[in-house]
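Visitor: Can you walk me through this one? I'd like to start with the sheet.

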Amino acid sequence: MIGWDHLFARISAGHLVPYLGPGMTAIALDLQKQSAQTSGQSKEADSIVPSNTKELADFFGRHVALPKRARGNPWAAAQYIESKRHRQTLDSLMDRAFGQPIAPSPLHFSLAASAPSMIVDTWYDGIMRVALGCVAGDRWGEVQGTPRTGVRDFTWYRAYDAQGDSVAMQNAVDWKTLLYKPHGSVSPAHHFLVADSDYVEVLTELDIQTPIPDIVQRRRTSVGFLFLGCRFDDQMLRSYARQILKRSAGPHYAILPDIELTRNELRFLEEMQITRLNLPLVGLDYVSNPA
């Protein structure tokens, strides 16, 4: 049976790449809330940081009156805000949603300490950047997807070193660990792919891999992916995952304990040959294994 010891051994050896979804943010938030409640800091226990697509859609709906067609869909809601209130309003809301500091979970720290060749993080918070900054020194850097709107000298992506300074993409070759944020992030530069218009442009080119950095394409060729905190019930997110996995070596795993998957999710796992594992995402058994 495949356990955390096997997975971390493959991560440390450079054969397996963690692929993080918003569920990893939910874990960190839950642990932070428990800690705050234990210490009597009730205000700190309540977080507005969205930890799934529904919560992000709800966040937009609490701050902007949305038409019915945009409610419940974060990409459509973001598009409406951008169209009616300007891109700056959308970016400000994203900063507000994800700007609150969140302490990394033990799993975040364990992943960072195992020095994988790459970590793909598909949510907008900066938790993984904090974890890497704590344990990985200067041996890592980040590449973020960037939207066409609001960015001068447009490119599909930009690179940032461990200090958060913008650097040339060539620098990524020397990084021990590459943090790849395909949808952007609140830190260090506040780039977000979130509106329908952002994804229309990216998805048009994604099939021929143009928006995926060359360094990501090179590092994936000899690895499999380990999906952590991911659901595959959103067509756009499935499309991204499908293209990032393209031409990778495998095998791929997804930790999905005690979750009833939709038909589309089951079909996606079968299509991409992803093995489902029933392992805890919160626990102590993986902490001693990432050496």
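**Strands, rings and a pocket**

Guide: Strand β9 (residues 224-228) and strand β10 (residues 252-255) run parallel, joined by 3 bridges. Strands here are DSSP runs of E, at least two residues long, and helices are runs of H or I, at least four residues, all numbered from the N terminus. This is a predicted model, where local features need pLDDT of at least 70, side-chain atom pairs count only at pLDDT 80 or more, and totals for chains, interfaces and linings use all residues. Residues are numbered from 1 along each chain as its sequence is written, and side-chain values use heavy atoms, without hydrogens and water.

Visitor: What stands opposite Phe227 in β10?

Guide: Ala254 does.

Visitor: And what is the strand order in the open sheet?

Guide: The 9 strands go β5-β4-β3-β6-β2-β1-β9-β10-β11, with mixed pairing. Two strands pair if DSSP finds at least two bridges between them.

Visitor: Which strands stand at the edges?

Guide: β5 (166-167) and β11 (274-277). Each has a single partner strand, so one side of each lacks a neighbour in the sheet.

Visitor: Which strands does β2 run parallel to?

Guide: β1 (residues 16-20) pairs with β2 in the parallel sense over 2 bridges. Tyr19 has Val120 as its bridge partner in β2. β6 (residues 177-181) is also parallel to β2, over 3 bridges. There, Leu178 is the bridge partner of Met118.

Visitor: Are the β2 residues buried or exposed?

Guide: Met118, Ile119, Val120 and Asp121 are all buried, meaning under 20% relative accessible area with a 1.4 Å probe, protein chains only. Met118 and Val120 point one way, Ile119 and Asp121 the other.

Visitor: Switching to rings. How many aromatic pairs are there?

Guide: The whole structure has 12. Phe, Tyr and Trp rings (six-membered ring for Trp) pair with centres within 6.5 Å; planes under 30 degrees apart are stacked, over 60 edge-to-face, the rest tilted.

Visitor: Why is the Phe227 and Phe232 pair edge-to-face?

Guide: Their planes sit at 80°, with centres 5.2 Å apart, so the pair is edge-to-face. Phe227 is buried at 1% relative accessibility, and Phe232 is buried at 4%.

Visitor: Which residues do ring pairs link into a cluster?

Guide: Tyr19, Phe225, Phe227, Phe232 and Phe268.

Visitor: Last topic. What lines the largest pocket?

Guide: 30 residues, with Pro22, Gly23, Gly229, Cys230 and Arg231 nearest its centre. A pocket is an open set of points on a 1 Å grid over the protein atoms alone, where a 1.4 Å probe fits, with protein on both sides within 12 Å along at least five of seven lines; lining residues have an atom within 4 Å of a point.

Visitor: Which helix gives the most?

Guide: α2, with 6 residues.

Note on methods:
Buried means under 20% relative accessible area, exposed over 50%, partly exposed in between (1.4 Å probe, protein chains only).
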